[in-house]
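Good morning, and thank you for joining this group meeting.

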Amino acid sequence: MNRKLILPAAFITAALTLTACQGNTPSSAPGETSALISPSPESDMVLDFGDRFINNTGNVISVNSKETVSVVPDIAQIVYSVRTEDTTAAACQQKNAESVSSVIARLKELGVEEKSIQTSDYYMNPRYNYSGSTAKLIGYEATASLTVSDLPIDGLDEILSGSVDVGVNTIQSITYMASSYDESYQEALQKAMDSAYQKAQVLAASCGRSVGTAINITETSGYSAARYNDNSRTNMANSMMKMSAEEDSVSTAGIMPGEIGVEASITVEYQMY
């Protein structure tokens, strides 16, 4: 598309005169007369720059766009706590290590891969008896946290019910995630881009203009794996552990993970003609 720039005659006269004064114009050959363009004050000169000229000043339209793609989570992450007590620090640490080993062995029996099991936290604190006038040291308490990732949701009930009787004291959290997050995010980005162009077309048409190509795109959404915590199931699992001492077996209700919203937001600037 060829584009033409219309400049005032006075501006062109001044520019050409300045060029001549600076000596940038070639000397005329002998016998030839140099021609200086002197348009009349009433007229404007049209300069054709073709496709090489893009005038952005006052001809850019900027729009924001945000789109969400829903995806069903297919994997879960569980954070277990293994807490032990004993009268000495060494005995407490040893007991905790044995309990953690039992939990890991049980998880492997349930089909959890070793690479999916990580000791995410560990601490030991002294325990005191404050019933008298002075605090009396009565022992130690050690707590290790195990983060178990990449668990298929289809088998999550079995893992929860099968791990509560081998040393797990508390389930800190159960988190649902989608393994197809990257693909869903890219789909949301594409939808946001399409929506941005439609918005720009409506805005430009309202003032008799047309939308050209995108000249700047900014991704404003924060990229992070879509997830959400299932607090109700966490509380349910902890309640089941309290009841396990009185019952031979523990089972949890079927899991309905729902959907996760994968959101993408962008800001796009378009050339407007």
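This is a predicted model: local features need pLDDT of at least 70, side-chain atom pairs count only at pLDDT 80 or more; totals for chains, interfaces and linings use all residues.

**Overview of the fold**

Among contacts in this protein between residues at least 6 apart in sequence, 83% join residues at least 24 apart. The protein has five helices and ten strands, and buried residues make up 33% of its 273 residues.

Strand 4 covers residues 75-86. How many of its twelve residues are buried? The number is nine, so the strand is mostly covered, given that buried means under 20% relative accessible area.

Strand 4 has strand 6 as a partner: the two run antiparallel and are joined by eleven bridges. Within this pairing, Ser-81 stands opposite Ser-145 of strand 6. Strand 4 also pairs with strand 7, again in the antiparallel sense, over seven bridges. Here Gln-77 stands opposite Thr-175 of strand 7.

Strand 6, residues 136-152, is in turn joined to strand 5, residues 117-129, by twelve bridges, and these two strands run antiparallel. Gln-118 is placed opposite Thr-147 of strand 6. Strand 5 and strand 6 form a hairpin, with six residues between them.

**The nonpolar cores**

Which residues have the most contacts inside the largest nonpolar core? They are Ile-78, Tyr-80, Leu-107, Leu-156 and Ile-159, in a core of 22 residues. The elements that give two or more residues to this core are strand 4, helix 2 (89-109), strand 6, helix 3 (156-163) and strand 7 (170-177). In soluble globular proteins, nonpolar side chains tend to be buried together.

Leu-107 shows some of these contacts in detail. Leaving aside neighbours within four places in sequence, Leu-107 is in contact with Tyr-80, Val-112, Ile-117, Val-148, Ile-159 and Ser-163. There is also a second, separate core of eleven residues, which includes Ala-192, Ala-196, Tyr-270 and Met-272.

Let us now consider Leu-151, which lies in strand 6. Is Leu-151 buried or exposed? Leu-151 counts as buried because its relative accessibility is 2%, against a cut-off of under 20%. Not counting residues up to four places away in sequence, Leu-151 touches Asp-74, Ile-75, Ala-76, Ile-78, Val-112, Leu-156 and Ile-159. One of these, Val-112, is 39 residues away from Leu-151 in sequence, yet the C-alpha atoms of the two are 7.3 Å apart in space.

Ser-145 is also found in strand 6, and with a relative accessible area of 4% Ser-145 is buried. What does the side chain of Ser-145 make a polar contact with? The partner is the side chain of Gln-172, at 2.9 Å. With residues up to four places away in sequence left out, Ser-145 touches Tyr-80, Ser-81, Gln-118, Thr-119, Ser-120, Asp-121 and Gln-172.

**An aromatic pair**

A search of the whole structure finds three aromatic pairs. One of them is formed by Tyr-128 and Tyr-130, which are tilted, with 6.0 Å from centre to centre and 50° between the planes. The two residues may be described in turn: Tyr-128 is partly exposed, with a relative accessible area of 39%, while Tyr-130 is exposed, at 61%.

Finally, I turn to an open sheet of three strands, with the order 3-10-8 and antiparallel pairing. Its edge strands are strand 3 (60-71) and strand 8 (211-219), each of which pairs on one side only. Neighbouring strands of this sheet are turned by 30° against each other on average, direction ignored.

Strand 3 and strand 10, residues 260-272, pair in the antiparallel sense over twelve bridges. Within that pairing, Ser-65 has Ile-266 of strand 10 as its bridge partner. Which helix lies across strand 3, strand 8 and strand 10? It is helix 4, residues 181-205, which runs at about 145° to strand 3.

Thank you for your attention.

Note on methods. Residues are numbered from 1 along each chain as its sequence is written. Side-chain values use heavy atoms; hydrogens and water are left out. Two strands pair if DSSP finds at least two bridges between them. Helices (H or I, at least four residues) and strands (E, at least two) are DSSP runs, numbered from the N terminus. Axes are lines fitted to C-alpha atoms, for helices over the stretch in contact, and angles run from 0 to 180 degrees between N-to-C directions. Contact means heavy atoms within 4.5 Å. A nonpolar core is a set of buried Ala, Val, Leu, Ile, Met, Phe, Trp, Tyr and Cys residues joined through side-chain atoms within 4.5 Å. Buried means under 20% relative accessible area, exposed over 50%, partly exposed in between (1.4 Å probe, protein chains only). Rings of Phe, Tyr and Trp (its six-membered ring) pair if their centres lie within 6.5 Å; planes under 30 degrees apart count as stacked, over 60 as edge-to-face and the rest as tilted. A polar contact is a pair of N or O atoms within 3.5 Å; within protein, one must be able to donate a hydrogen and the other to accept it, and residues adjacent in sequence count only if both atoms are side-chain atoms.
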